[in-house]
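User: Please go through the structure shown below in question-and-answer form, giving the cut-off behind each term.

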Amino acid sequence: MNTLDPDNIRQTISRALGARLEILEVFEEIESTNSYLLDQPAPPPGWFRVALADYQTAGRGRLNRTWQSPPSSGLCLSMAYTFRQMRVKLPGLTLALGIGVIDALRRLDISGIRLKWPNDIIAHGGKLGGILTEACQGARKNLTVVTGIGLNVDLPDAMHALEKATMMNKIVDLKRCTDNPPSREQLSVAVIESLFDCMVKFEADGFVPFHDEWKKVDWLSGRQIIVDGADGRCAGTADGVDDDGALIIQTDHDRRRIINGSITLQSAPGDIA
Ligand code: BTN
């Protein structure tokens, strides 16, 4: 049985990391692990706390979308981390954490995973998972960030059937990516370790040390895209990201720097939005 036992997870996390873990909780059912951690007291600077759920009744995605994952079929994990300073550039952090997730999967012998700016985890041309990074509100000296990772591990056939029937975006699960899928506990440990490493590295040097790795996993690079953002719609060729993690798009007229927006492919407008 593919359960999530908090003691197993805690004991498997590396000792150095465990020393920085304030609380790790597993819920059978919860509205959203991100919402839960946003309501909890912030961990002390340099410390983190984790919430995992077998099932979320109101899982949330970026741009007010929902995140759906049937019971026991995926990883629903959130981590709260407190930075020692306030000036953290969240868009770049999401990209860095995506690289962390890829690294965690690689350590579990799962390769070929890409990232679609800013927060989609892509495999076989479909959405394997997503990242939702949110800052805790409140006047503090430090900044606490909650980042949530949703990964499809073993989706029921009904979900794939729904995808076909409704022509919703293509979804992919880890079972499709490897003959030997890790347990959700193994996955949790690997993801927690990677996320924490990324938080610490990002805190020290921002997005710059992640930039080269991003180039290797950038799914949009060179593709014709449409960006729907606060300033309206623009179309052009995706040309990587800058040192802050902003998306660069070459239009017919100019080069633009995008810090927020929804991206679709010009060739497949309904694809992986
Ligand atoms: C997206 O694709 O837009 C982001 C999806 C993020 C889903 C995860 S699951 C754990 C955490 N709790 C949530 O409500 N959302 C994130």
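User: Is Arg 233 buried or exposed?
Analyst: This is a predicted model, in which local features need pLDDT of at least 70 and side-chain atom pairs count only at pLDDT 80 or more, while totals for chains, interfaces and linings use all residues. Residues are numbered from 1 along each chain as its sequence is written, and side-chain values use heavy atoms, with hydrogens and water left out. Buried means under 20% relative accessible area, exposed over 50%, and partly exposed in between, with a 1.4 Å probe and protein chains only. Because its relative accessible area is 59%, Arg 233 is exposed.

User: Which residue forms a salt bridge with Arg 233?
Analyst: A salt bridge is a side-chain nitrogen of Lys or Arg within 4 Å of a carboxyl oxygen of Asp or Glu. For Arg 233 the closest N and O atoms of such a pair are 2.8 Å apart. The partner has 30% relative accessibility and therefore counts as partly exposed; this partner is Asp 228.

User: How many residues apart are Arg 184 and Asp 54?
Analyst: These two residues form a salt bridge, with 2.7 Å between the closest N and O atoms. Arg 184 and Asp 54 are both buried. Helices (H or I, at least four residues) and strands (E, at least two) are DSSP runs numbered from the N terminus. Arg 184 lies in helix H6 (residues 184–205) and Asp 54 in the loop between strand E2 (48–53) and strand E3 (74–83), so that the pair, by these DSSP runs, links distant parts of the chain, 130 residues apart.

User: How much of the ligand's area does the protein bury?
Analyst: A side-chain N or O atom of Gln 56 is 2.9 Å from a nitrogen atom of the ligand, and a backbone N or O atom of Arg 62 lies 2.7 Å from a ligand oxygen atom. Taken alone, the ligand exposes 410 Å² (Shrake-Rupley method, 1.4 Å probe). The share buried by the protein is 98%.

User: Which residue's side chain is joined to that of Thr 251 by a polar contact?
Analyst: Thr 251 lies in the loop between strand E10 (247–250) and strand E11 (255–258), and its relative accessible area of 9% is why Thr 251 counts as buried. A polar contact is a pair of N or O atoms within 3.5 Å; within protein, one must be able to donate a hydrogen and the other to accept it, and residues adjacent in sequence count only if both atoms are side-chain atoms. A polar side-chain atom of Thr 251 lies 3.1 Å from the backbone nitrogen of His 253. The side-chain contact, at 2.7 Å, is with Asp 254.
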